[in-house]
Amino acid sequence: MASIEFVNVTKEFDKKEIIKDLNLKIEDGTFTVLVGPSGCGKTTLLRMIAGIGPQTSGAVLIDGKDVTDIAPGKRGVAMVFQNYAIYPTMSVRENIEFGLKNNKVKKAERTELVESISAAVGLTDFLDRKPSTLSGGQRQRIALARAMVKKPSVFLMDEPLSNLDAKLRAQMRIDLIELHKKLGTTFVYVTHDQVEAMSMADTIVLMNQGLIQQEAPPETIYHEPSNIFVAQFIGVPPMNIDELGVGGVKFGFRPESAIGSTEAGTTPFSIRGEVVTREMLGSETLYKINYKDTSFMIKSLEDRFTVNQQVYVSVPTEKMYFFGEDGNRIPTSHPSYSSYIEALRSY
Ligand SMILES: Nc1ncnc2c1ncn2[C@@H]1O[C@H](COP(=O)(O)OP(=O)(O)OP(=O)(O)O)[C@@H](O)[C@H]1O
Ligand SMILES: [Mg+2]
């Protein structure tokens, strides 16, 4: 097991700074998910930990030790990539065993390791099959098992589930949570999928353009986003945001916080708009509501409105967010907070 720390780390490609003065500590034994849009630098960070794409300046520490001069194979780190390479001519067992043989691990120990790890990832019944006879999810498990047999103290995963269909991804998310619990190893998991981040992480590190936007547990990221970017990156559909009309301040509310009704609401934010689209998703229904020259998404557990219907939308005050001109969330303790709430009445 190990902690990982970035200290004033920058990374340039062709003189362009991709990672800007990054400071981050990933605690020992945690399941940390790095999430952010494509190109924000997630893979670049993982590669620095693994030692296969060193930083331009600053230091990367594993368990408090600067690993700049330590070779990738000596860092106690295993990495599973999005496009894992599985040897098609070898059986599942041989694929998992491969690295161990290379490292001259004895036969008896190899067999025991392969069997215990296979059981952990649910491959016991497939050990003698060829990868081509397995499903995508089962093949993904081979890649996991192959990394696990090395008994790494840090497990790096770069979008390992992106090749799987939605149902398998959901299953593998649960499997990975259980696996992490069983192993107790530090997991650093990269994804651009916010659902994966929310469901698996103890800590989410949300990045944009090489900068950390927020580092917090999923519930904090969701309920107390530090800025508009975070507020709109996490949550489906994203948080509704519009100008308050006071000093460059914006207000925001989540689709699930809005209350749609045929009767006028009594909260400061209460508008009357028109349903323009209805998406019935099974357990909930999404409506797009047009209001003046803008629109809001609202989510309802009941499917009760129809397209073209006039509805009232209100939002409980405690579910309302405000953001300053710089995009940062304004805390409820701000001296003007109550005046922002009042301003919602004339929206
Ligand atoms: N070897 C390289 N040479 C030049 N630029 C690079 C190199 N590797 C990455 N980059 C650039 O660095 C930035 C970050 O890349 P990175 O692969 O870390 O993004 P990412 O967050 O993993 O994105 P994705 O979600 O698409 O995988 C991108 O703008 C990318 O074009
Ligand atoms: Mg990437």
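Axes here are lines fitted to C-alpha atoms, for helices over the stretch in contact, and angles run from 0 to 180 degrees between N-to-C directions. Helices (H or I, at least four residues) and strands (E, at least two) are DSSP runs, numbered from the N terminus. The model is predicted: local features need pLDDT of at least 70, side-chain atom pairs count only at pLDDT 80 or more, and totals for chains, interfaces and linings use all residues. Residues are numbered from 1 along each chain as its sequence is written, chains are lettered from A and ligands numbered from 1 in the order in which they are written, and side-chain values use heavy atoms, with hydrogens and water left out.

**Helix packing**

Two packed helices are described by the angle between their axes and the distance between the axes. Start with helix 2 and helix 3 (residues 107-121). Their axes come within 10 Å and cross at roughly 130°. That makes helix 2 oblique to helix 3. Angles under 35 degrees count as roughly parallel, over 145 as roughly antiparallel, 65 to 115 as roughly perpendicular and the rest as oblique. The crossing of helix 2 and helix 3 is right-handed. A crossing is right-handed if the near helix is turned clockwise from the far one by less than a right angle, and left-handed if anticlockwise.

Contact means heavy atoms within 4.5 Å. Helix 2 contributes Arg93, Ile96, Glu97, Leu100 and Lys101, while helix 3 contributes Arg110, Leu113, Val114, Glu115 and Ser118. By class, this contact has four nonpolar, one polar and five charged residues. Ala, Val, Leu, Ile, Met, Phe, Trp, Tyr, Cys and Pro count as nonpolar, Asp, Glu, Lys and Arg as charged, and the others, Gly among them, as polar.

Helix 2 (residues 92-102) also packs on helix 4, with axes within 8 Å and a crossing of roughly 30°. Helix 2 and helix 4 are therefore roughly parallel. Their crossing is right-handed. Val92, Asn95 and Ile96 of helix 2 meet Ile142, Ala145 and Arg146 of helix 4. Those residues divide into four nonpolar, one polar and one charged.

Helix 4 (residues 136-148) packs in turn with helix 5 (residues 166-183), at about 20° and with axes 11 Å apart. This pair, too, is roughly parallel. The crossing of helix 4 and helix 5 is right-handed. From helix 4, Gly137, Gln140, Arg141, Leu144 and Met148 take part; their partners in helix 5 include Leu168, Met172 and Leu179. The contact of helix 4 with helix 5 has seven nonpolar, three polar and two charged residues.

**Ligand 1**

Which residues are around ligand 1? They are Phe13, Asp14, Ile18, Ser38, Gly39, Cys40, Gly41, Lys42, Thr43, Thr44, Glu159 and His192, each with a heavy atom within 4 Å of the ligand.

| Residue | Polar atom | Distance |
|---|---|---|
| Gly41 | backbone | 3.0 Å |
| Lys42 | side chain | 2.8 Å |

**Backbone spots**

A cis peptide bond joins Val236 and Pro237, with omega about -15°. Pro237 sits in the loop between helix 8 (228-233) and strand 11 (240-243). Lys151 is not a glycine, yet its phi is positive, at about 45°. Lys151 belongs to the loop between helix 4 and strand 7 (154-158).

Methods. Polar contact = N/O pair within 3.5 Å; in protein donor to acceptor, adjacent residues only side chain to side chain.
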